[in-house]
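Please read them with the structure open.

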Amino acid sequence: MTPLPFLLKRFHYCRGPMIAHCYCEHMAVVKLACGDTRFNNIYGIAVAMIIVVLDLFFVILSYIFILQAVLQLASQEARYKAFGTCVSHIGAILAFYTPVVISSVMHRVARWAAPHVHILLANFYLLFPPMVNPIIYGVKTKQIREQTLGLFLRKEV
């Protein structure tokens, strides 16, 4: 697959030298180009979807094997702990892929949306997954959960 910067090199840019993002995002640079950018749009969404579909395929395949192994565990408590880990992992996967897919599709489908919506979505998918990962995995950890609940449920004497 051709790296995206090489696809950007072939354009003539007439809409100014500044992108409306706080980091260099491919679709933000494409919007500065004069000319037909359909290939970049199609290529970008195709690559993004192939990556997401392949990742999800392998994640689902892995979970099929994990589910088979977990169901063979003798102890109910061991199965419960294994499923708890799986739920946390699925939450982390959703926290990563959902904003990426939404942002990618929004750039190509919702061209009518205000520029700040695209910027907000791009920043959201950059910042949201690392912000929620500690929460997703922290809630699962008994000591962290008890300490956090203790802060909010402390009774004044």
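**Notes on the predicted model**

1. In this predicted model, a nonpolar surface patch of about 840 Å² is formed by Ile50, Leu54, Leu56, Phe57, Phe58, Ile60, Leu61, Ile64 and Phe65.

2. Leu54, one of the patch residues, belongs to helix H3, which covers residues 38–71. Its relative accessible area is 44%. Leu54 therefore counts as partly exposed, since that class lies between the buried limit of 20% and the exposed limit of 50%.

3. Helix H4 (residues 76–109) packs with helix H5 (residues 115–140). The angle between them is about 180 degrees, and their axes lie 9 Å apart. H4 is therefore roughly antiparallel to H5, the cut-off for that term being an angle over 145 degrees. In the contact of H4 with H5, 17 residues are nonpolar, nine are polar and one is charged.

4. How many salt bridges does the structure hold? There is one. The side chains of Arg38 and Asp36 meet in a salt bridge, with an N to O distance of 2.9 Å. That distance falls within the 4 Å cut-off used for a salt bridge.

5. Asp36, with a relative accessible area of 47%, is partly exposed.

Conventions: Residues are numbered from 1 along each chain as its sequence is written. This is a predicted model: local features need pLDDT of at least 70, side-chain atom pairs count only at pLDDT 80 or more; totals for chains, interfaces and linings use all residues. Side-chain values use heavy atoms; hydrogens and water are left out. Axes are lines fitted to C-alpha atoms, for helices over the stretch in contact, and angles run from 0 to 180 degrees between N-to-C directions. Helices (H or I, at least four residues) and strands (E, at least two) are DSSP runs, numbered from the N terminus. Angles under 35 degrees count as roughly parallel, over 145 as roughly antiparallel, 65 to 115 as roughly perpendicular and the rest as oblique. Ala, Val, Leu, Ile, Met, Phe, Trp, Tyr, Cys and Pro count as nonpolar, Asp, Glu, Lys and Arg as charged, and the others, Gly among them, as polar. Patches are made of residues with over 30% relative accessible area and no salt bridge: like charges are joined within 9 Å, nonpolar side chains (Val, Leu, Ile, Met, Phe, Trp, Tyr) within 5 Å. Accessible areas come from the Shrake-Rupley method with a 1.4 Å probe; for residues, only the protein chains shown count as cover. Buried means under 20% relative accessible area, exposed over 50%, partly exposed in between (1.4 Å probe, protein chains only).
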